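Biologist: I am new to this structure. Can you walk me through it, one question at a time?

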Amino acid sequence: MKYNKLGNTGLKVSALSFGTMTFGDDWNIGFEDQKRADEMVDMSIDAGINLFDTADVYSYGVSEEMLGKAVKNRRQDLVIATKVMGAMSDDVNDRGLSRFHMMNSVENSLRRLGTDYIDLYQLHAFDENTPLEETLRTLEDLVNQGKVRYIGMSNHAAWQIAKGLGISDRNGWPRYASAQMHYSLINRDIEHEVVPLAEEEGMGILVWSPLNGGYLTGKYRKNEDDDSRFATSDLQDFPPIPDKKVANEIVDNLTEIGSNHGVGPAEVALAWLMERPAVSSVLIGSRKTEQLKANLKAAEIELTQDEYDRLTEISEPRTPYPQWMLNMM
Ligand SMILES: NC(=O)c1ccc[n+]([C@@H]2O[C@H](COP(=O)([O-])OP(=O)(O)OC[C@H]3O[C@@H](n4cnc5c(N)ncnc54)[C@H](OP(=O)(O)O)[C@@H]3O)[C@@H](O)[C@H]2O)c1
């Protein structure tokens, strides 16, 4: 396993990390069996993974609870990341990034995780209803209280991140160490604005849904797996696939390259992401232990330059304005 710095911080995180959105089954994408969760965490640690990601909203607290139980004997060696923002009940204040909700939420996450600190506390998305100063000031307090060690965010536009960094710098508050963003060979949108910003500002990208919800495993192309996410869950077409023809061409290329390395398409898709600029870690997700076993092999693959370039070329997104003009100038 390779280890990368989390952005400009001194913290080293494994190039593959484990996402626990499948712990709990509120959206029909996961499971509630603690034994399987324990096994998955053990397998991940044995493979060298030190970063585990969850969120308060994943099955409304169940994921945090299951992860907390699975890591309890090794808590100190691991980097535990969770998130705040999503609605946890119908109460008008039980959501968002207000000081009120964040102060309540952090206590609930700590309790569910069975820990007294969170290594990386992430804003799950941008909250238009709360002044960003209020949110960042609250994070500064949580860091000073020792409840949170590093801060990050997820699902932000580049201007929202840049605004947050400006506010933090002006006030001497902690800066976002990481940006947790969707990135896959099917959806490379973050390359236009967020990746250049991350490189410029020293933030690490944590990649979510690297297999585009499972599509890049190739199983949907073969109609192989009927109980899988795109077929049966509440999260169908998440993340979306803008052009099935292009997506299928990507899967075919992954399959062919995988056969050179004795692995499947998923492992190759993960290996490509691990090489992309600004990426600190790729969050793998699995519903079954065999899936995790396969995905962990990505850490052992070395793509040749030709293979890497071929995947980059066939999945190349359209260059939006002003990038094409900036490139020209
Ligand atoms: N910040 C955010 O807003 C956000 C959003 C989403 C996810 N995340 C994070 O990112 C992590 C990973 O996301 P994700 O679960 O969507 O990742 P993903 O890798 O795109 O999809 C994982 C799913 O694909 C299928 N799969 C994975 N490996 C497979 C294999 N080798 N063979 C066959 N099927 C396989 C499984 O689902 P089936 O068996 O059901 O097909 C698995 O649950 C999450 O756990 C979470 O920590 C964050």
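Biologist: Which residue has a polar side-chain atom 2.8 Å from an oxygen atom of the ligand?
Modeller: This is a predicted model, where local features need pLDDT of at least 70, side-chain atom pairs count only at pLDDT 80 or more, and totals for chains, interfaces and linings use all residues. Residues are numbered from 1 along each chain as its sequence is written, and side-chain values use heavy atoms, with hydrogens and water left out. A polar contact is a pair of N or O atoms within 3.5 Å; within protein, one must be able to donate a hydrogen and the other to accept it, and residues adjacent in sequence count only if both atoms are side-chain atoms. The residue at 2.8 Å from a ligand oxygen is Arg287.

Biologist: How much of the ligand does the protein bury?
Modeller: Accessible areas come from the Shrake-Rupley method with a 1.4 Å probe; for residues, only the protein chains shown count as cover. Alone, the ligand exposes 910 Å². The protein buries 95% of that.

Biologist: Which residue of S8 is the bridge partner of Gly152?
Modeller: Two strands pair if DSSP finds at least two bridges between them. Strand S7 (residues 148–154) and S8 pair in the parallel sense over 4 bridges. The partner of Gly152 is Ser178.

Biologist: Which residue forms a salt bridge with Glu107?
Modeller: A salt bridge is a side-chain nitrogen of Lys or Arg within 4 Å of a carboxyl oxygen of Asp or Glu. Here the closest N and O atoms are 2.7 Å apart. Glu107 sits in helix H3 (residues 99–113) and its partner in the loop between helix H4 (132–144) and S7, so the pair ties together parts 40 residues apart in sequence. The partner is Lys147.

Biologist: How many salt bridges does a search of the whole structure find?
Modeller: One of them joins Asp252 and Arg221, with the closest N and O atoms 2.9 Å apart. The search finds 16.

Technical notes. Helices (H or I, at least four residues) and strands (E, at least two) are DSSP runs, numbered from the N terminus.
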